[in-house]
Amino acid sequence: MWSNKAENFIVEGQVMVDRPQTVGQLRESGYRPQSVKDEMRKNLIRKLRSGENLFPGIVGYEETVTPQIVNAILSRHDMLFLGLRGQGKTRILRSLTSLLDDALPVVAGSEIHDDPFAPLSKYARDRIAVEGNNCPIDYVGTADRYFEKLATPDVTIADLIGEIDLVKHASGKELASEDVLHFGLIPRAHRGIFCMNEVPDLSPKIQVGLFNVLEERDIQIRGFPIRLNLDVCIVFSANPEDYTNRGRIVTPLKDRIGSVIRTHYPLTRELGMSITDQNAWTDRDSSTQVIVPTFLKEIVEETARLARQSPHVNQASGVSVRMSIANYENLVSNAERRAIVQHESLAVARTCDLNSMVSSSRGKLELSMSDESGEEDKLLGRIIDEATKNIFDQHFNPKQFRNVVEHFDLGESIELGDGLSSEETWQKLSAIRGFSEQVEAAARKLEPTLLEGATKTAVHASVAEFLLDGLYCSNRLSRQPRGTGLQYGK
């Protein structure tokens, strides 16, 4: 923290010019150290007052999760983010660095970001004792003050806390000297944020080793009669304890964590679509432009939402938001591939492209114990069809299209697929009596902005396929695989 005298150096976390370069200059500048949690609290209050977005890129948590985080930081709590996979826990944890000052003065060469006014390590204490006010200082940015470790069963106390470094001992340092110590990740996160991801995977004895860090904020390494009073904000992520039987968070560790933040999946389809639009890779380095109609985006998100409700899916495992993102990318890729093969510069995605979502959905969900592992693809196909029906029913009534059903009742059939261009698809479907006018009306309802210029025929083909698929999913038509395509009939 800086007083008014230091306004030429850092003001409210913004890096300025002419920073102090020695301990003496830092002292003259009016700098006053503050704990990392006070620093986060100060910057959070500043952002709240200015109306700044606290977690850019995080959508749908504004009224549920964000208030929990704000309260925890204002209370100077350590935090545990508890939620199923694909709920943005790690992204939020990494964005906590935005609440740190842009530059932190430390003793030059210190491994653990020693405060020039209150050094902890022997290295920093000795250097200041010898050089005094002339001791040089460095500045550490926000990225270097965040340390993250993925919990695995082989993590040791030495990794987290520290150990005697036998290489240092072999180079001549005495075992009785602190110079022989190697600091683990938590001491290196001194004056910063330490994150432990998937904490239930830590063995219970390692979790016990964190008790003192959370409660007393100090560590001990081997038999050394020293205590390092660390200034660190510790955050964790975890799936609910019943997610798997790999492990659990021991109760005394949970007791020492200030706040448990519950995350969740998008509460509405619109939020899910917004997250997918934000994260999916659609800005391709290709000469082919791909347009995805809104109703297909809705089907992509509805597929994930239905999977989260299916009794055939293990809901304790969850269905990640990454499923919608990967499915959307595959949908775009399939339309792009079709356009490239057909030598088209513009592609509008169609329902035949939904088949590409099966490969990107594999591994994104786990079947329940009663379902066989080989049934995953069949289940995904049923969920995609159900999602298509839900979106179709939201916009249309199957009774509107009696003429289409009657066309197939007469024994007619149509074979479609992504091997056909938009022009070929539309020529086949427009042959159905009265269907052209119905597709035009439906397109004006669903995608009015795409009915001008070069996209018109492609949009008509996309909407027509959607209507045909909706009628099949409503049990009005039959659909059979034929080679790489699908045959619709009675």
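Strand 9 (192-197) and strand 12 (residues 232-238) run parallel and are joined by 5 bridges. Helices (H or I, at least four residues) and strands (E, at least two) are DSSP runs, numbered from the N terminus. Two strands count as paired if DSSP finds at least two bridges between them. The model is predicted; local features require pLDDT of at least 70, side-chain atom pairs count only at pLDDT 80 or more, and totals for chains, interfaces and linings use all residues. Residues are numbered from 1 along each chain as its sequence is written, and side-chain values use heavy atoms, with hydrogens and water left out.

Met-79 stands opposite Val-235 of strand 12.

These pairings belong to an open sheet of 5 strands in the order 6-9-12-3-13, with parallel pairing. Strand 6 (146-150) and strand 13 (259-262) are the edges; each has a single partner strand, so one side of each is left without a neighbour in the sheet. From one strand to the next, the twist averages 20 degrees. Strands of a sheet pair through backbone hydrogen bonds, either parallel or antiparallel.

Strand 9 is largely enclosed by the rest of the structure, because 6 of its 6 residues are buried. Buried means under 20% relative accessible area, exposed over 50%, and partly exposed in between (1.4 Å probe, protein chains only). Helix 2 (residues 36-50) lies across strand 9 and strand 12, at about 75 degrees to strand 12. Helix 3 (residues 65-74) lies across strand 3 and strand 13, at about 165 degrees to strand 13. Axes are lines fitted to C-alpha atoms, for helices over the stretch in contact; angles run from 0 to 180 degrees between N-to-C directions. Contact means heavy atoms within 4.5 Å.

A second open sheet has 3 strands in the order 16-18-17, with antiparallel pairing. Strand 16 (414-416) and strand 17 (478-482) stand at its edges, each with a single partner strand, so one side of each lacks a neighbour in the sheet. The twist averages 30 degrees from one strand to the next. Strand 17 is joined to strand 18 (residues 485-489) by 5 bridges. Gln-480 has Gln-487 of strand 18 as its bridge partner.

Helix 17 (residues 402-409) has Asn-403, Val-404, Val-405, His-407 and Phe-408 buried. Its buried residues pack against strand 16, helix 19 (435-446), helix 20 (456-473) and strand 18. Just after helix 17, Gly-411 takes a positive phi of about 95 degrees.

The largest pocket has a volume of about 570 Å³. On a 1 Å grid over the protein atoms alone, a pocket is an open set of points with protein on both sides within 12 Å along at least five of seven lines, whereas a cavity is a set where a 1.4 Å probe fits but cannot get out; lining residues have an atom within 4 Å of a point. Grid points are joined across faces, edges and corners, and a volume is the space filled by probe spheres set on the points. The lining of the largest pocket comprises 28 residues, with Gly-86, Gln-87, Gly-88, Lys-89 and Arg-322 nearest its centre. Helix 4 (89-95), helix 12 (269-279) and helix 14 (321-341) each supply at least two lining residues. By class, the lining holds 10 nonpolar, 13 polar and 5 charged residues. Ala, Val, Leu, Ile, Met, Phe, Trp, Tyr, Cys and Pro count as nonpolar, Asp, Glu, Lys and Arg as charged, and the others, Gly among them, as polar.

The second largest pocket holds about 290 Å³ of space. Among its 19 lining residues, Asn-355, Gly-381, Ile-384, Asp-385 and Arg-479 are the closest to its centre. Helix 16 (376-395) gives the most to this lining, with 7 residues.
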